[in-house]
Amino acid sequence: MKEGARTTLATTLAGEFMLAVYLDGQGRVPSYRTGLDFGLSGAMLMELALDGCIDTVDGHLVAARAARAARAAQPRDRVLGEVLARIQSSRRPRTASQWVRILSAGAHKRLAAGLITDGLLVRRPRRLPLPTDSARRYDVLCGERRGAVVRSPRSGADDRSVALTALATACAVTSGDQDGGECEAAVRSLGPACAEILAAVAACVWPVALCSWA
């Protein structure tokens with residue numbers, strides 16, 4: 001039971017995005033102006049969409065009927081369960097873009113805490129010679145796991161790797177070897193909810209990227 005719990009977050013899309021995209025090669029949390037926090041919130045929403053827990057209705061993200069009707073449809077991960085509960089209890093419907101922005105606040109802290117509990121990361125308190133005064137840094141305790149996740153976007157082997165690639169592309173952190181047409185077709189295959197979430201992530205990231213280039 002304990003061992004199973006240690007691998008839960010590491011195998012979620014948000015956990016994989018944190019390991020493969022969000023943290024840099026030295027385990028540092030990047031500047032908030034990169035917009036990658038939107039990628040984390042998008043990953044959580046896409047996980048719920050891929051699992052059939054949320055859907056899109058009239059441009060809004062809502063809990064799917066199966067998730068409302070059966071407890072068995074609830075996410076196995078605690079953080080994802082909290083996200084779904086917020087969507088279910090929202091007093092008014094919100095668009096994918098609104099949820100991406102709302103859930104991005106503090107997302108990296110919650111996910112990092114889960115990965116530390118899972119035994120994937122350990123916090124290293126250290127001041128770094130960066131333009132900012134300090135930055136969080138983590139040591140990745142399972143290099144093999146991170147290596148597998150980093151290679152996953154290039155494989156395109158399943159919906160999860162396609163989603164991870166698409167999220168990295170939306171956050172403008174992929175290399176130039178991605179075929180745009182193939183990527184768009186793969187994203188459409190994930191379903192309308194995932195497509196809306198990805199479009200929302202890209203729309204949220206773009207203004208931040210413009211500010212960082214200025």
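A nonpolar core is a set of buried Ala, Val, Leu, Ile, Met, Phe, Trp, Tyr and Cys residues joined through side-chain atoms within 4.5 Å, where buried means under 20% relative accessible area with a 1.4 Å probe and protein chains only. The model on your screen is predicted, so local features need pLDDT of at least 70 and side-chain atom pairs count only at pLDDT 80 or more, while totals for chains, interfaces and linings use all residues. Residues are numbered from 1 along each chain, and side-chain values use heavy atoms, leaving out hydrogens and water.

**Stop one: the core.** Select Phe 17, Met 44, Leu 45, Met 46, Ile 54, Ile 197 and Val 201, which touch the most other members of the largest nonpolar core, a set of 57 residues. Helix α3 gives the most to this core, with nine residues.

**Stop two: Met 46.** Leaving aside residues up to four places away in sequence, Met 46 touches Leu 13, Ala 163, Leu 167, Leu 190, Cys 194, Ile 197 and Leu 198 (contact means heavy atoms within 4.5 Å).

**Stop three: two helices.** Now show α2 (residues 13-22) and α3 (residues 36-50), which pack at about 150 degrees with axes 8 Å apart. That makes α2 roughly antiparallel to α3, a label for angles over 145 degrees.

**Last stop: Arg 123.** Finish in strand β4 (residues 121-123), where Arg 123 is found. Arg 123 counts as partly exposed at 43% relative accessibility, a class running between under 20% (buried) and over 50% (exposed).

Technical notes:
Axes fitted to C-alpha atoms, helices over the stretch in contact; angles between N-to-C directions. Helix = DSSP H or I, 4+ residues; strand = E, 2+ residues; numbered from the N terminus. Parallel < 35°, antiparallel > 145°, perpendicular 65-115°, else oblique.
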